[in-house]
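Here's a quick briefing to read alongside the structure. Have the 3D view open and follow along.

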Amino acid sequence: MKAVILAAGKGTRMKELTKNQPKPMLEIGKQRILEQIVLSIRNTGIHNFIVVTGYFANLIEDHFQEGTDYGIHVQYIRQPVQDGTGGALRLTREAVGDEPFFMCFGDIITSIDNYSRIIDGYKQDEPDVVLAVNYMDDPCNGAAVHFDEVTHRIHKIIEKPPKGESESNWNNAGLFVFNTCVFTYLDQIDLSPRGEYELTDAIRLMIEDGKTLRAVKLKGFWGDIGRPEDVEYVRGLLKENENLLEKEN
């Protein structure tokens with residue numbers, strides 16, 4: 001299995017923090033965000049990586065190079081236009097090939113064991129999609145995922161539901177295993193109101209078409225590094241407990 005990491009975004013909400021570097025290269029604890037992600041994925045036995053770069057692409061590519069220092073192989077694909085997560089993933093079609101693949105965003109960090117949990121969740125019955133979910137008081141800033149609590153089959157996903165109105169507390173955690181049929185659905189999506197091709201729209205089409213999508217609940221820590229305060233929060237947690245991501249708390 002290969003791993004795809006989407007790390008092309010500018011991170012405009014980061015303000016000065018990303019003035020001269022991409023968000024995935026920000027340091028948290030003893031490592032950069034992207035280093036933490038890469039090493040956690042490698043821990044599952046995956047060694048072939050596809051990294052989609054864009055904003056300050058050279059800083060990511062020069063740092064990781066071919067991946068030799070990390071015991072992996074890295075292929076880079078540049079996203080020339082920042083047209084969304086769906087647009088970024090669509091660029092990887094040829095590099096991914098014909099086999100199912102792991103995918104995550106370059107600004108999501110979580111406990112190391114969760115990466116194996118996602119892949120093991122796929123191996124159980126090999127659905128079309130395994131989608132990680134984390135519990136939140138209100139998933140209004142993410143995407144609410146609705147699924148059967150017994151079978152974990154997903155029947156609905158709602159991007160940024162109105163605050164206080166979501167009937168599900170489970171949020172799209174940004175880690176997936178996809179069957180390559182996802183590319184067929186990425187070809188069908190239109191630009192969203194904010195002018196981007198949204199991965200969530202492709203997932204919604206798959207649900208409507210009767211594809212099998214399973215939710216896997218994460219344990220331990222999960223963090224979306226989207227704002228400067230998120231960086232400081234995670235840095236503080238890691239300063240207090242440098243093993244925060246190495247076990248399920």
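Which residues in helix 1 are buried? They are I33, L34, E35, Q36, I37, V38, S40 and I41, where buried means under 20% relative accessible area with a 1.4 Å probe, protein chains only. Keep in mind that this is a predicted model: local features need pLDDT of at least 70, side-chain atom pairs count only at pLDDT 80 or more, and totals for chains, interfaces and linings use all residues. Residues are numbered from 1 along each chain as its sequence is written, and side-chain values use heavy atoms, leaving out hydrogens and water.

- Helix 1 is mostly covered, with 8 of its 10 residues buried; helices here are DSSP runs (H or I, at least four residues), and strands are E runs of at least two.
- The axes (lines fitted to C-alpha atoms, over the stretch in contact) of helix 1 (residues 33-42) and helix 2 (residues 57-64) come within 12 Å and cross at roughly 50°.
- On the helix 1 side, L34, E35 and V38 meet I60, H63 and F64 of helix 2, with contact meaning heavy atoms within 4.5 Å.

**The core**
- The largest nonpolar core has 80 residues, and I41, F102, M103, L175 and F178 touch the most other members. Such a core is a set of buried Ala, Val, Leu, Ile, Met, Phe, Trp, Tyr and Cys residues joined through side-chain atoms within 4.5 Å.
- Strand 11 (residues 170-178) gives this core its largest share, 6 residues.
- Not counting residues up to four places away in sequence, F102 touches residues including I41, Y115 and L175.

Terms used: Buried < 20%, exposed > 50% of the residue type's maximum accessible area, 1.4 Å probe, protein only. Axes fitted to C-alpha atoms, helices over the stretch in contact; angles between N-to-C directions.
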